[in-house]
Structure formats: C-alpha cells, structure tokens
Amino acid sequence: MNAQTTPNSAAPAQPIKLHHFALSGHSHRVQLFLSLLNLPTEIILVDLRRGEHKTPVFLAMNRFGQVPVIQDGDVTLADSNAILVYLARRYDTSGQWLPRDPVGEAEVQRWLTAAAGLLAFGAAHVRAGVLFKRPIEARAYTLAEDLFKVMEAQLASQRFLASTAAPTIADVALYTYTAHAPEGGIVLTPYPHVQRWLADIEALPGFVGMIKSPVAV
C-alpha cells in the first residue's frame, strides 16, 4: 500500500482506558483507531447483557449509558465519533486523520454524519436485529443500500472516502459496520469498490478486526 498510518508523536503518560463491548461496532472503531495510532490502551469490558452500562458508575462517565467511553488522564469522553475527533486532534500531529484545512475537515465530517445516520440506522441496525433478536425496521435495508451505493460511487474514483491519498477517521468510522454487514444478511458483492476499500483498511499497519458474531454468513 502507498498510504501509511502516521505514528503518534505525543504518547499519553498512561494507557488510555477504553470501556468496550466486543460486539459493538462503535466500540471497535475506537479500538481500531487507538491501534492505528499505536497508542497504549487498556480495554475494560462492559457486559451490556448484564446491564453494566446502566450502573451509576458507568452513567457518571456517560449519561446516555452507551459504549464506548475513553478515559485519557483527566479527560473522560463518550460517543465513538467524538472520540475519533479527539484522538486525531490530540495525538496525530501530522493532520492526516483529520485534515486541518476547511474543505478536508468538512469532507471528513460529512462521512462522520453518514456513520451516525445511514450506517447506524441501516446496516448496523439490521445486524443488531439479527444478532440480538430485535425487531428490524424495513427501511433499514433501504438505508443500507442507499449508503453502500454512495460509498461505491465515491470509492470508484478515489481510494478512501474523504481523501485520495491517505485514510482518515472517516474510513475508521465507516469500516466496522460495513465490514460486518453480512452478519445481518446484507451482502457486499454488488459493491466491488467497497470490498477493495475494506481490504485496504485491513492492510493498514496496526489494523485490528472486530470478532465475528455467531450469526456471520
């Protein structure tokens, strides 16, 4: 690959604590970015099935009662996309992962919005429904298809979602639930450029994958 990840130049004084659930794509995108940045990390497992994310201790860190949460020294931060922005600004001094120019940053933000919208309510919703036996909204399949068609068109003309030269946190935010969409029965064969992009992300130094669920197809 031509694109290279950028080593961090300001490592934290102590490992960053990541409160994490193994089957959560939101948790995984933070775990992945921490690994791509080569930052020391302590993973603290949160058992969602036992309601550990709704305990007073956890709610003191995130009032929404959701993973992931990171603790970086005196900083406690929730929401996966917010965490990606924080880590990029704090530890990637090169500006690769979150460009500093207005247009580049706006392009990244556009895809972070897609991750929080079409991806979350589309492929991620379908996967969660299958995996945890929850009701699945019919529109979720349409949202997934709409997003993957847009991604396919974007990736047909450039290597990464928000950049032609190097990956950004846009790619990190979209990777996990796209790669694991087949666990919800959504096939990716109609999207060859998306499949190529997934392989490029998986080839990055420091890549770490999310475990496959038992319902993987």
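Leaving aside neighbours within four places in sequence, D171 is in contact with F160, L161, W197 and I201, where contact means heavy atoms within 4.5 Å. The model is predicted, so local features need pLDDT of at least 70 and side-chain atom pairs count only at pLDDT 80 or more, while totals for chains, interfaces and linings use all residues. Residues are numbered from 1 along each chain as its sequence is written, and side-chain values use heavy atoms, with hydrogens and water left out.

D171 is found in helix α7, residues 169-179; helices (H or I, at least four residues) and strands (E, at least two) are DSSP runs, numbered from the N terminus. D171 is buried yet has no salt bridge. Buried means under 20% relative accessible area, exposed over 50%, and partly exposed in between, using a 1.4 Å probe and protein chains only. A salt bridge is a side-chain nitrogen of Lys or Arg within 4 Å of a carboxyl oxygen of Asp or Glu. The nearest side chain of opposite charge to D171 is R196, 7.7 Å away; Lys and Arg count as positive and Asp and Glu as negative, while His and the chain ends are not counted. What does lie at 3.0 Å from a polar atom of the D171 side chain is the backbone nitrogen of L161.

In α7, 10 of the 11 residues are buried, so the helix is largely enclosed by the rest of the structure. The buried residues of α7 include I169, A170, D171, L174 and Y177. They pack against α1, α3, α4, α5, α6 and α8.

In soluble globular proteins, nonpolar side chains tend to be buried together. A nonpolar core here is a set of buried Ala, Val, Leu, Ile, Met, Phe, Trp, Tyr and Cys residues joined through side-chain atoms within 4.5 Å. The largest such core has 52 residues, of which L87, F148, L174 and W197 touch the most other members. Two or more residues of this core come from each of β1 (16-20), α1 (25-36), α3 (80-91), α4 (102-121), α5 (123-132), α6 (139-157), α7 and α8 (192-202). The largest share, seven residues, comes from α7. W197, not counting residues up to four places away in sequence, touches M151, L155, R159, F160, L161, D171, L174, Y175 and T178. A second, separate core of nine residues includes L23, V46, M61 and V69.

Next, the strands. Four of the five residues of β1 are buried, so β1 is largely enclosed by the rest of the structure. β1 pairs with strand β2 (residues 41-45) in the parallel sense over five bridges; two strands pair if DSSP finds at least two bridges between them. Within this pairing, I43 in β2 is the bridge partner of L18. Strand β3 (residues 69-72) and strand β4 (residues 75-78) pair in the antiparallel sense over four bridges. D72 stands opposite V75 in β4. β3 and β4 form a hairpin with two residues between them, and G73 in the turn has a positive phi of about 65 degrees.

Which charged side chains do meet in salt bridges? A search of the whole structure finds seven salt bridges. One of them joins R196 and D200 at 2.9 Å, N to O. R196 and D200 are four residues apart in helix α8, about one helical turn. R196 is partly exposed, with a relative accessible area of 27%, whereas D200 is buried at 12%. R159, R196 and D200 are linked in a network of salt bridges.

Another salt bridge joins E183 and R127, with the closest N and O atoms 2.8 Å apart. E183 lies in the loop between α7 and α8 and R127 in helix α5, so the pair ties together parts that are 56 residues apart in sequence. E183 and R127 are both buried. H180, in the loop between α7 and α8, is buried as well, with a relative accessible area of 7%. Leaving aside neighbours within four places in sequence, H180 is in contact with R127, M210, I211 and K212.

E107 and R110 are three residues apart, about one turn of the helix. Both are partly exposed, E107 at 27% relative accessibility and R110 at 45%.

How values were computed: A polar contact is a pair of N or O atoms within 3.5 Å; within protein, one must be able to donate a hydrogen and the other to accept it, and residues adjacent in sequence count only if both atoms are side-chain atoms.
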